[in-house]
Amino acid sequence: DYAASGNDLVYGAIKRVTWPVGACEDVILDGTRPLGDLAYLYSVESDYYQRLRGGYKTGQERVWDDVLLTACGYHLDVIDGNGVKDFLKGYRFAFTSEFNLRRDRLASLVDWVKGGGTLFLTAGALQYDEFNRPLGFDAAVGISREPFDYHQPKKDETFEGCAAPKGYQKSSGGKTLAAFDSGAAAAVSWP
């Protein structure tokens, strides 16, 4: 604790750096930050189950999602599962690669989507609840996806330290917005 050290030089330097912030603290604390362009839906439950599987796919995806969206000029706000009900309503767009979501948050998320919110999902997203049981998100919003086959690379495999899916998650009933050279859908939109 330098301030209590009795060293006037150190204490004086700390005071010169911190006093301007303290002087405007009331103004700063009364201010609000505008919402970002979109929200990233974060799930602690996904972290837990990823660690049990011996991998950390969503951690890597979160980083790359943020890098991609920032590079595209979007400001990303992170909302945890607790914020679905209270905070997601302020956004028109949300994005997630999380496998798990608490079941008691499902109705709020479904209502938000059905109320006009646009939710971008990566393969395998929102398929399980907090106990790693099927969540029922797809049925609740009227989409259909095949099960996602998660694959964590072995030590002798290299995939830039990330988890590698064994193929892509197929979906039906939507409009294909973009496709891979093979013809498989890369981006799908549902009405």
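**View 1. Strands β1 and β2 pair in parallel, joined by five bridges.** Across this pair, L41 has I79 of β2 as its bridge partner. Strands here are DSSP E runs of at least two residues, helices are H or I runs of at least four, and both are numbered from the N terminus; two strands count as paired if DSSP finds at least two bridges between them. Before you zoom in further, please note that this is a predicted model, in which local features need pLDDT of at least 70 and side-chain atom pairs count only at pLDDT 80 or more, while totals for chains, interfaces and linings use all residues. Residues are numbered from 1 along each chain as its sequence is written, and side-chain values use heavy atoms, leaving out hydrogens and water.

**View 2. The open sheet has four strands in the order β2-β1-β3-β4, with parallel pairing.** At its edges sit β2 (76-80) and β4, each of which pairs on one side only. From one strand to the next, the twist averages 30° (axes are lines fitted to C-alpha atoms, for helices over the stretch in contact; angles run from 0 to 180 degrees between N-to-C directions).

**View 3. Helix α6 lies across β1, β3 and β4.** The helix runs at about 115° to β4. Within α6 (residues 106-114), L106, L109, V110 and W112 are buried, that is, under 20% relative accessible area, with exposed meaning over 50% and partly exposed in between (1.4 Å probe, protein chains only). Down the helix axis, these buried residues fall within an arc of 160°, so they line one face of α6; the arc is taken over directions from the axis to the C-beta atoms. On the face turned away from the buried side you will find the exposed residues D111 and K114. The cover over the buried residues includes β1 (38-42), α5 (83-87), β3 (93-96), β4 (118-121) and α7 (137-141). Just after α6, G116 takes a positive phi of about 115°.

**View 4. The largest nonpolar core contains 17 residues.** Such a core is a set of buried Ala, Val, Leu, Ile, Met, Phe, Trp, Tyr and Cys residues joined through side-chain atoms within 4.5 Å. L88, L109, L119, L126 and F137 have the most contacts inside this core. β1 and α6 are the elements that give two or more residues to it, and the largest share, four residues, comes from α6.

**View 5. L126 touches residues including L41, L109, L119 and F137.** Contact means heavy atoms within 4.5 Å, and residues up to four places away in sequence are not counted for L126. Also among its partners are E98 and R145.
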